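Subject: Structure for you to look at

Hello,

Here is the structure I said I would pass on. My notes on it follow below.

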Amino acid sequence: MGAPLSTANTASTANSLSVEDLGSAAQRDRRKRILDATIELASTGGFDAVQMRAVAERADVALGTLYRYFPSKIHLLVSALGRELERADVALRDKPVPGDTAAERVIHVLKRTTRGMQGDAHLTEALTRAFMFADASVQAEIHTVGMLLTQMMTRAMHPEQTDLTDLTDTDVAIARVIGDVWLSALVAWVTGRSTAPETAQHMETAVGLLLRD
């Protein structure tokens, strides 16, 4: 059985340690092992299977060390969501995104990312529930997830731009809204309020409205 929600999402003023916070290769490797262990446990049993002690044991780190890297289970799982999106983003950079219009390219990215998430229902349930339960203490990790989604959307919208800092405020705003719609659609799928085809159609509708040619 998992910890009650009241303890699973214990408020903390600390943030997770990002890769940029870690000065040594050993520290970065430790963080990677922790996230790997988290994803493995979540893939096996979803949200309830991710217990801090179990993560520490699987990652071969002391429980106190785990808490220094990730102050709570929610910090840990939202960071894992960021890691999964980062992997998806890297994979998408390997070749040009198909599509003649920005809408077609964005829909391709969303569908590919969604299929990857839906392919592991337990993991997606765990990551999505953590995102839903996150409070203000997880602001930094939520910001990382949002920035990754915005980056993926804007790169699909404007593949010709190598420097994303040149994007307009409108481009960034549209990308953020699309990212929010995607997360909302994923929540609906995880909670059984929509099917996979309905999720895809919802995203297509939203993208079509936001990126009309």
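A contact, or touch, here means heavy atoms within 4.5 Å. The model is a predicted one, in which local features need pLDDT of at least 70 and side-chain atom pairs count only at pLDDT 80 or more, while totals for chains, interfaces and linings use all residues. Residues are numbered from 1 along each chain as its sequence is written, and side-chain values use heavy atoms, with hydrogens and water left out.

Overall make-up. The protein chain has 10 helices and 0 strands; these are DSSP runs, numbered from the N terminus (helices: H or I, at least four residues; strands: E, at least two). Of its 213 residues, 46% count as buried, where buried means under 20% relative accessible area, exposed over 50% and partly exposed in between (1.4 Å probe, protein chains only). Among contacts between residues at least 6 apart in sequence, 71% join residues at least 24 apart.

The core. A nonpolar core is a set of buried Ala, Val, Leu, Ile, Met, Phe, Trp, Tyr and Cys residues joined through side-chain atoms within 4.5 Å. The largest one has 54 residues, and I34, V106, W182 and L211 have the most contacts inside it. Helix α5 (residues 73-92) gives the most to this core, namely 9 residues. Leaving aside residues up to four places away in sequence, L211 touches A102, A103, V106, M157, I174 and I178.

Helices α9 and α10. Helix α9 (residues 169-190) packs against helix α10 (residues 196-210) at an angle of about 165°, with the axes 10 Å apart. Axes are lines fitted to C-alpha atoms, for helices over the stretch in contact, and angles run from 0 to 180 degrees between N-to-C directions. The two helices are therefore roughly antiparallel, the term for angles over 145 degrees. On the α9 side the contact is made by I174, V177, I178, V181, W182, A185 and W189, which meet A196, T199, H202, M203, A206, V207 and L210 of α10. By class, this contact has 12 nonpolar, 2 polar and no charged residues (Ala, Val, Leu, Ile, Met, Phe, Trp, Tyr, Cys and Pro count as nonpolar, Asp, Glu, Lys and Arg as charged, and the others, Gly among them, as polar).

R93. This residue lies in the loop between α5 and α6 (102-118). R93 counts as partly exposed because its relative accessibility is 47%. Not counting residues up to four places away in sequence, R93 touches Q151 and R155. R93 and P159 are 66 residues apart in sequence and 10.0 Å apart in space, C-alpha to C-alpha.

Regards

Notes: Parallel < 35°, antiparallel > 145°, perpendicular 65-115°, else oblique.
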